[in-house]
Amino acid sequence: MTFKSILFKLKIYYKENNMKVILLKDVKGTGKKGDVVTVSDGYANNYLIPNKIAQNANATNVNLNNQAKSSEAHKAEVILNEAKELKQKLDNLSIELSIKCGENGKTFGSVTSKEIADKLLSLGFEIDKKKIDFSPVKTIGLYHVKIKLHPQVATTINVNIVSQK
């Protein structure tokens, strides 16, 4: 026999109080930021709302939440389009970097992603060195370097490393 059935037999009606809230932060086991979820009354009034983790899901708050979601989606779309435009500019770009070499082709130092980022900056492309997928090399030659412009957009450039004269 469950608790609900005992209360029902005693003519005490069990009423579940649930409340709809909009989450302002990710809550493990409940939902992600911006979700409209139904939680128990006590959980909402005693924990979520006082700690500014959620707010009541009335009509104005729901409309504000929908507007915020659409503006975030628009911003993400603009960033993706900018990354695609930059990819078109960078496709098949070749840059040349020089490194000091001694006799018999031995190099002094190495070429890293920082040097590639600096060279791209001098050409007018501002790309963070962390987005350049390149391990330091100490040999002369032609290398294909992958650049991650966005989680969905990546491109490859050619880097020719020559000896400095």
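Two strands pair if DSSP finds at least two bridges between them. Helices (H or I, at least four residues) and strands (E, at least two) are DSSP runs numbered from the N terminus. The legends below describe a predicted model, in which local features need pLDDT of at least 70 and side-chain atom pairs count only at pLDDT 80 or more, while totals for chains, interfaces and linings use all residues. Residues are numbered from 1 along each chain as its sequence is written, and side-chain values use heavy atoms, with hydrogens and water left out.

**View 1**
Along the sequence, the elements follow the pattern α-β-β-α-β-α-β-α-β-β-β. Of the 165 residues, 28% count as buried, where buried means under 20% relative accessible area, exposed over 50%, and partly exposed in between (1.4 Å probe, protein chains only). The accessible surface comes to about 11800 Å², and 52% of it belongs to carbon and sulfur atoms; such areas come from the Shrake-Rupley method with a 1.4 Å probe, and for residues only the protein chains shown count as cover. Among contacts with a separation of 6 or more, 45% are between residues 24 or more positions apart. Contact means heavy atoms within 4.5 Å.

**View 2. The open sheet of three strands, in the order S2-S1-S3.**
The pairing in this sheet is antiparallel. Strand S2 (36–40) and strand S3 (54–56) stand at the edges with a single partner strand each, so one side of each is left without a neighbour in the sheet. From one strand to the next, the twist averages 50 degrees. Strand S1 (residues 18–23) pairs with S2 over five bridges, and Val 21 has Val 37 in S2 as its bridge partner. Helix H2 (residues 41–48) lies across S1, S2 and S3 and runs at about 100 degrees to S2. Helix H3 (residues 59–90) also lies across S1, S2 and S3, at about 30 degrees to S1. Axes are lines fitted to C-alpha atoms, for helices over the stretch in contact, and angles run from 0 to 180 degrees between N-to-C directions.

**View 3. The largest pocket, with about 160 Å³ of space.**
The lining consists of Ile 22, Leu 23, Leu 24, Lys 33, Gly 34, Gln 55, Leu 64, Asn 65, Ala 68, Lys 69 and Glu 72. S1 and H3 are the elements that give two or more residues to this lining. H3 gives the most, with five residues. On a 1 Å grid over the protein atoms alone, a pocket is an open set of points with protein on both sides within 12 Å along at least five of seven lines, whereas a cavity is a set where a 1.4 Å probe fits but cannot get out; lining residues have an atom within 4 Å of a point. Grid points are joined across faces, edges and corners, and a volume is the space filled by probe spheres set on the points.

**View 4. The open sheet of four strands, in the order S4-S7-S6-S5.**
Pairing in this sheet is mixed. Strand S4 (94–99) and S5 stand at the edges, each with a single partner strand, so one side of each is left without a neighbour in the sheet. S4 and S7 pair in the parallel sense over six bridges, with Leu 97 opposite Ile 161 in S7. H3 packs on this sheet, touching S6 and S7, and its direction makes about 35 degrees with that of S7. H4 packs on the sheet too, touching S4, S5, S6 and S7, and its direction makes about 125 degrees with that of S4.

**View 5. The antiparallel pairs S5 with S6 and S6 with S7.**
Strand S5 (residues 132–133) is joined to strand S6 (residues 141–150) by two bridges; Asp 133 stands opposite Lys 146 in S6. S6 and strand S7 (residues 153–163) pair over nine bridges. The bridge partner of Val 145 is Ile 157 in S7. A hairpin of two residues joins S6 to S7.

**View 6. Ser 113 in helix H4 (residues 113–122).**
Ser 113 is buried, with a relative accessible area of 15%. Not counting residues up to four places away in sequence, Ser 113 touches Lys 129, Ile 132 and Phe 134.

**View 7. Ala 83 in helix H3.**
Ala 83 is buried, with a relative accessible area of 6%. Apart from neighbours within four places in sequence, Ala 83 is in contact with Leu 149, His 150 and Val 153. Lys 148 lies 65 residues away along the chain, and its C-alpha atom is separated from that of Ala 83 by 9.4 Å.
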